[in-house]
Amino acid sequence: MNLLFAAVLLLCCRYNATGAQEHSDHECQSQGVRSCGECLAAGPHCAWCAEENFLEVGQHIWERCDTPRALLRRGCPFDRLEDPRGSTVLLKNRKITFHPKEQRRQRQHKQVTQLQPQSVLLHLRPGEPQTFEVKFRRVEDYPIDLYYLMDLSFSMEDDLSNVKKLGADLMEEMRNTTSDFRMGFGAFVDKTVMPYISTAKDMLKNPCKRTEPWPCAPPFTYHHVLSLTANGSLFTEQVGRQRISGNLDSPEGGLDALMQAAMCEEQIGWRNVTRLLVFSTDAGFHFAGDGKLGGIVLPNDGKCHLHKNVYTRGNSQDYPSVAHVAEILRQKIIQIIFAVTEEVTHLYEGLRSIFPKCAVGTLSNNSHNILQIIVEAYNALTSEVVLENRKLPPGYHISYTSHCKDRKPRHSEQGRKCSNISVGDEVSFNVSVTAPLCVTASQRQPSVIIKPQGYSEEVEVLLSPICECSCQKDMVPRSPSCSHGNGTLKCGTCRCKEGRVGTLCECNQAESGKAIDSYLCRRDNASEVCSGHGECVCGKCVCHKSSKKPNHAYYGQFCECTDFSCDQYRGLQCGGRGRCVCGVCICLPAFRGQACECPLSLESCLSQDKQICAGRGDCHCGTCMCHDNRFRGPTCELCPSYPGACTLHRECILCRAFSLGLNPKECETRCVHLNFTLVGQAGVLATVTPSPGLHRCMEVDTEGCRVHFLLRTRQKEESVHVHVALERECPSGPNVILITAVLSASVVVLGVALLLLWKLLTSIHDRREFARFQRELERRRWNRRENPIYKSAITTTVNPKYKEQ
C-alpha cells in the first residue's frame with residue numbers, strides 16, 4: 001500500500017513539474033475519443049482510466065480520457081491508469097574499439113567499431129519525442145582501400161609518368177595512418193564511337209598517329225587494370241605498362257568509369273572499410289543525354305558490366321547522370337577525391353554539393369603533387385563526421401543535436417556534423433525521433449538507418465509506435481457488466497453487439513429514438529435535440545465534434561458546452577490567462593473579467609512616487625482613470641498644458657539666488673512661498689536620497705549658465721523647499737587665437753586651391769591650342785601633286801584625223 005501511494009505521489013509530482021501537462025481537464029476529452037487507443041493518439045499528455053465503475057450514470061465515454069493528474073484527482077485507481085510512455089532499448093551496443101593495432105599484433109581479428117550503438121528499438125508514444133545517444137570515435141589504424149581512376153587521354157601523357165612512381169611513395173606515406181592499406185588502378189578514355197573518337201582503322205589502332213617513343217594504345221571506355229592490393233611494387237609494375245590513348249572531343253567518359261568502379265565490388269576488391277576513389281583528369285565529363293550524339297539512346301542501368309576487366313556496354317548504354325553516380329557512391333560508401341587541373345577545378349567544385357562526401361584538389365601540370373593531394377584530401381574527409389539517415393516512414397520526424405570536441409550543443413543542420421576530429425577524438429549526437437498519430441498497422445515494422453557519411457558502420461533504429469493500451473488484452477466478451485452480455489467489456493467500456501446501443505448497451509437500437517427519448521434530450525423544452533450538436537440515444541445525448549474544426553467537441557448533458565466559445569482578449573481566448581469551460585472563462589487567481597482581461601494587481605497603476613495613479617485617479621482593470629482632465633498618461637502624471645515644476649519655479653530661483661531676471665520688488669512678492677537652502681557645489685545635490693515629491697532640476701539662466709537645484713513639493717503644504725547650488729556651469733568664451741588661425745589658414749588654402757585650379761585650366765587650354773596648331777601645320781604640307789595651284793607645262797594634243805597605217 002505504501003508503494004502504491006509513493007508511485008501515485010511520484011506521478012503527480014512528475015506531471016506538476018512538466019509544463020506539457022498543464023492542460024485543461026477537457027482538452028483530451030475535446031478530441032471526441034471513443035477508445036483507449038484514440039485517447040493515446042489525442043496527445044502525449046492524455047491518459048485513459050480503465051476502471052469499470054469510473055464513470056457515473058449519464059457521463060460520456062470520452063470522459064475516461066484526460067490528463068493523468070485530472071484522472072487521479074477524479075478517483076481513478078493508479079493501477080487502472082493507462083498512460084504508457086516511450087522507451088529506448090539497446091539491441092546491439094558493441095563498445096568502440098580503442099586499440100585496433102594491438103589487436104592485429106596479437107592476431108585478434110575482431111571487428112573494429114567506431115560507431116555505438118549498432119541497433120536500437122524505440123517505443124514511441126505519438127507526439128512524444130524519444131532521444132538516444134550515438135557515439136563516434138575516430139580510431140587509429142583503421143583499414144583503407146584506395147582505387148586510382150585515371151584519364152589516359154593524350155593530354156594526360158606527362159601526368160602518367162608521375163603516377164607510375166606513386167605506388168611505393170603512397171604506400172610509405174599511408175603507413176603513418178594505417179598498417180592495412182591497399183591500392184588499385186583503373187583507366188578510362190571515352191566511348192569508342194563517333195564523334196567521341198575517330199573510327200578510321202588506323203586511328204582505332206593508333207589514335208595519336210605516332211610511333212616514337214611508342215605508339216598510343218587503342219581507345220577504350222573503361223579498363224580495370226589492378227584490383228586492390230597491399231603490394232606497392234605490383235601497383236608500380238602494372239601502372240608502368242600503361243600507355244596513353246586519345247580521343248577527339250574534350251569531355252571524357254569519366255562517369256562511365258565511376259559507375260563501374262563503384263558497382264563492380266567483387267572485381268575491384270572493395271572491403272567493408274574506408275573506401276577512397278581518386279579521380280584524376282584534366283577535362284570535363286559527358287553525362288546522361290550526351291550519348292545521343294553517337295546514336296546511343298539506351299539509359300545506363302547502373303549495373304556492373306566488366307568482362308575480362310573491360311567495360312562491355314560503353315557503346316550500347318548512355319552515360320549515367322551525375323545524380324545517379326552520386327546515389328551509387330552513397331550506397332557503396334565511397335568517398336571520392338577529384339584530382340584535376342586548374343582549368344576544370346570550378347567544374348568539379350560544383351559537384352561537392354551533389355556527391356555525398358568528396359574533396360577537390362588542383363593538379364600541377366605534370367601531376368607531381370598528386371601524393372600531397374591524396375594525403376590532404378584524406379585528412380579533410382576523415383576529420384569531419386556528418387550523420388545522415390535514410391528516408392523516414394511517413395509522418396515521422398527526426399532531429400539531431402551534436403556535442404563535438406568543445407562540448408557545445410549544436411542544433412538543426414549543424415547538429416548533424418562535427419569537424420576537426422583527430423584520431424582518438426570521440427564525439428556524440430543526441431538523436432530525437434517523434435512518431436505521428438497512429439494509422440493502420442503495416443505488416444513490416446518501420447525502421448530508419450542512421451550512418452556517418454563515408455563510413456560503412458550504421459545504426460539501425462527500429463520504430464515501435466504505442467497505439468494500443470495494455471488493458472485491451474484483458475477484454476471480456478459478453479460481459480455481464482454490458483447489460484447481461486450484450487457487449488464486450490474492453491478497457492472499462494462496453495463495445496455493444498449489433499442492434500444494441502448505449503453506454504452499457506442497455507437500449508435496443510430499433511426502439512431507441514422514440515418521442516419519449518427525444519423529449520429527454522431537449523433542454524428547457526427547446527426545439528433542437530441535444531442543442532443541435534448531437535443525437536439522442538437511449539434518452540441521453542451523444543455529442544458530436546464541430547464540423548468545421550474536428551478538434552473542437554461539444555459536451556454536457558444536452559451538448560450545450562464547448563471549450564472554444566469564450567470571450568477573447570488581445571486575440572487570445574480568455575486572454576491567455578485562464579481556461580474556457582463550457583463557454584465561461586475560469587481565470588487564473590491574479591485575473592478577473594469575462595475574458596480575464598483585468599489584473600487584480602495594482603502594480604501597473606503605481607506612479608514614480610509609489611502612489612496609485614499619482615493620487616489623481618482610480619485604478620480600474622489595471623488602467624488609471626484620471627479625475628483631473630488636465631492629467632494624462634498611464635499613471636496620471638503627464639500634463640501637456642501645464643509646465644513642469646522646474647520651469648515653473650525657474651524665475652524665482654534665479655532672482656533670489658543670483659539676482660537675475662525679476663526686479664527685487666517683484667521677486668519678493670512672487671517668490672515668498674520658496675524656502676531656500678544654498679549649497680556650494682552641484683555635486684552635493686546628487687547625494688540627496690530620492691523621495692516622493694523630489695524633483696532634480698537643471699535650468700539655463702539669462703547669462704547662458706546652467707543652474708542645478710532640487711525641488712521638494714508636498715500636496716498638503718503650500719510652501720516649496722529648494723536646494724540651490726551656487727556654483728554655476730558657465731560656457732567658456734571663444735578662443736580668439738584659434739579662430740583667427742583657422743580663418744587665416746582657410747583663406748591661404750582656398751587661395752592656393754584657386755591658383756592651382758587656374759593653372760590646371762590654363763594648361764588644358766594651352767595644350768588644346770597647341771594640338772590644333774599642329775594639326776593645321778600638317779594640313780599645309782603637300783607635294784607637287786597635291787598642290788592645288790601647280791599646273792604642268794606639258795600639253796598633249798591628239799590629231800583626230802590620224803589613222804594608224
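Helices (H or I, at least four residues) and strands (E, at least two) are taken as DSSP runs and numbered from the N terminus. The structure is a predicted model, in which local features need pLDDT of at least 70, side-chain atom pairs count only at pLDDT 80 or more, and totals for chains, interfaces and linings use all residues. Residues are numbered from 1 along each chain as its sequence is written, and side-chain values use heavy atoms, with hydrogens and water left out.

Arg-330 and Glu-327 are separated by about one helical turn because they are 3 residues apart in α11. Residues are classed by relative accessible area as buried (under 20%), exposed (over 50%) or partly exposed (in between), with a 1.4 Å probe and protein chains only. Arg-330 is partly exposed at 31%, and Glu-327 is partly exposed at 35%.

The buried residues of α11 are Val-322, Val-325, Ala-326, Ile-328 and Leu-329. Viewed down the helix axis, the buried residues of α11 fall within an arc of 165°, so they line one face of the helix; the arc is that of the directions from the helix axis to the C-beta atoms. These buried residues pack against α9 (254–263) and β14, where contact means heavy atoms within 4.5 Å. Ile-333 follows α11 and has a positive phi, near 55°.

Salt bridges number 25 in the structure. In one of them, Glu-265 pairs with Lys-332, the closest N and O atoms being 3.0 Å apart. Glu-265 lies in helix α10 (residues 265–268) and Lys-332 in the loop between α11 (322–331) and β14 (334–341), so the pair ties together parts that are 67 residues apart in sequence. Glu-265 is partly exposed, at 25% relative accessibility, whereas Lys-332 is buried, at 17%.

A further salt bridge joins the side chains of Glu-51 and Arg-80 (3.9 Å, N to O). This pair links distant parts of the chain, 29 residues apart: Glu-51 is in the loop between β1 (47–49) and β2 (65–66), and Arg-80 in the loop between α3 (68–73) and β3 (81–82). Glu-51 is partly exposed, with a relative accessible area of 23%, and Arg-80 is partly exposed, with 30%.

Asn-247 is located in the loop between α8 (232–240) and α9. Its side chain forms a polar contact of 2.7 Å with the side chain of Glu-252; a polar contact is a pair of N or O atoms within 3.5 Å, where within protein one must be able to donate a hydrogen and the other to accept it, and residues adjacent in sequence count only if both atoms are side-chain atoms. A polar atom of the Asn-247 side chain also lies 3.1 Å from the backbone oxygen of Asp-249. Not counting residues up to four places away in sequence, Asn-247 touches Ser-153, Val-189, Asp-190, Tyr-196, Ile-197 and Glu-252.

Leu-760 is placed in helix α18 (residues 736–780) and is partly exposed, with 47% relative accessibility.

Conventions: Salt bridge = Lys/Arg side-chain N within 4 Å of Asp/Glu carboxyl O.
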